Amino acid sequence: MAHDHHSHDHHDHDHANHDHGGHAHGGHGHSHAPRDFGRAFAIGVVLNFGFVLAEVAAGLWSGSLALLADAGHNLSDVLSLLLAWGATIMARKAPSARHTYGLRKATILASLANAVLLLVAVGVIGTEAVRRFAEPAEVATMPVMIVAAIGVVINTATALMFMRGHDDLNVRGAFLHMASDAAVSLAVVIGAGVMAITSLGWIDPALSLGIAVVIVLGTWGLLKDSVNLALDAAPKGIDVGQVRAWLTGLPGVTDVHDLHVWAMSTTETAMTAHVTRPDNLDSDAFLHTTCEGLATKFNIGHATLQVETGGAEICRLSPAEAV
């Protein structure tokens with residue numbers, strides 16, 4: 001492949017406000033760096049850890065498995081918040097000679113770890129709930145209702161702090177944890193109230209299993225998205241076929257091959273492609289306009305294009321099966 005027929009371009013800095021060691025590049029308004037949720041994470045960790053301690057104490061005193069299950073769920077959320085918080089900090093680290101993209105991928109690994117952590121918590125809760133069906137225990141319902149009601153308030157307030165971060169899978173994971181916790185705590189309040197009226201001991205373990213189901217349903221989508229991003233799948237919301245069609249429709253383009261789209265982090269997307277363009281006299285203008293379009297239309301802020309003029313040599317990566 002003759003090198004004089006190819007033009008390589010990295011227009012990352014023209015299309016995103018990426019923070020590299022304190023220097024902001026570009027000014028087109030496409031900010032893909034993780035938002036600063038540091039204050040929200042700090043408040044969430046402190047409130048939820050304090051609540052975990054209160055739930056454990058109240059659960060042991062009252063004999064409520066549902067309350068202890070909710071405490072375990074909340075403890076996993078404290079750990080997940082710490083993971084997500086640490087990942088957002090790591091994502092802001094400047095690239096190095098070894099980690100040329102920086103540590104942005106840590107946000108994807110954190111969201112994956114959060115999902116796995118929650119599923120482990122489900123296993124523990126479910127196992128104990130089944131045992132409780134065989135060995136019912138008496139539950140003091142009033143302290144359970146009071147503590148769980150406090151949990152509704154704390155988890156709802158924490159979830160609201162992360163509500164505006166749904167475009168970031170890492171922050172979305174934190175939001176889902178807090179929102180599901182609020183629903184679970186509300187269920188515990190209602191369940192304890194029903195137990196107080198009916199004295200039915202099976203309600204507590206049944207409620208625990210219900211909590212486990214809620215956690216699984218809320219976590220499955222996060223797990224699937226996290227695994228896909230960890231495997232360098234195209235981010236959700238980006239249709240690679242549409243990207244290919246748009247590139248093929250650009251002036252002078254006759255073919256697009258070796259197209260790859262993947263997530264650098266839970267908020268940033270990268271793309272590489274070979275574009276065949278026989279008449280490439282305006283190469284710089286073409287590359288600039290194309291990268292601008294990719295950032296605007298598809299939220300792809302890191303685009304690298306190799307332009308080929310379709311000479312005698314055929315690109316070895318042009319076959320569809322080539323990777």
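Trainee: Buried means under 20% relative accessible area, exposed over 50% and partly exposed in between, with a 1.4 Å probe and protein chains only; by that rule, is D258 buried or exposed?

Mentor: D258 is buried, because its relative accessible area is 14%. Keep in mind that this is a predicted model, in which local features need pLDDT of at least 70 and side-chain atom pairs count only at pLDDT 80 or more, while totals for chains, interfaces and linings use all residues. Residues are numbered from 1 along each chain as its sequence is written, and side-chain values use heavy atoms, with hydrogens and water left out.

Trainee: Where does D258 sit, then?

Mentor: D258 lies in strand β4, residues 255-263 (strands are DSSP runs of E with at least two residues, helices are runs of H or I with at least four, and both are numbered from the N terminus). D258 is not a glycine, yet its phi is positive, at about 50 degrees. Most residues other than glycine have a negative phi.

Trainee: And what is the phi of N299?

Mentor: N299, also not a glycine, has a positive phi of about 60 degrees. N299 is placed in the loop between α9 and β6 (302-308), and it counts as partly exposed because its relative accessibility is 37%.

Trainee: Changing topic, how many aromatic pairs are there?

Mentor: Searching the whole structure gives one aromatic pair. The ring centres of W246 and F298 are 6.0 Å apart and the planes stand at 70 degrees, so the pair is edge-to-face (rings of Phe, Tyr and Trp, the last by its six-membered ring, pair if their centres lie within 6.5 Å, and planes under 30 degrees apart are stacked, over 60 edge-to-face and the rest tilted). W246 belongs to helix α8 (residues 240-248) and F298 to helix α9 (residues 283-298), 52 residues apart, which links distant parts of the chain. F298 is buried, at a relative accessible area of 14%.

Trainee: What about α2 and α5, how do their axes cross?

Mentor: The axes of α2 (residues 38-62) and α5 (residues 141-161) come within 10 Å and cross at roughly 165 degrees, with axes fitted to C-alpha atoms over the stretch in contact and angles running from 0 to 180 degrees between N-to-C directions.

Trainee: Which residues make the contact?

Mentor: Among them are F51 and W61 of α2, and I150 and M161 of α5, where contact means heavy atoms within 4.5 Å.
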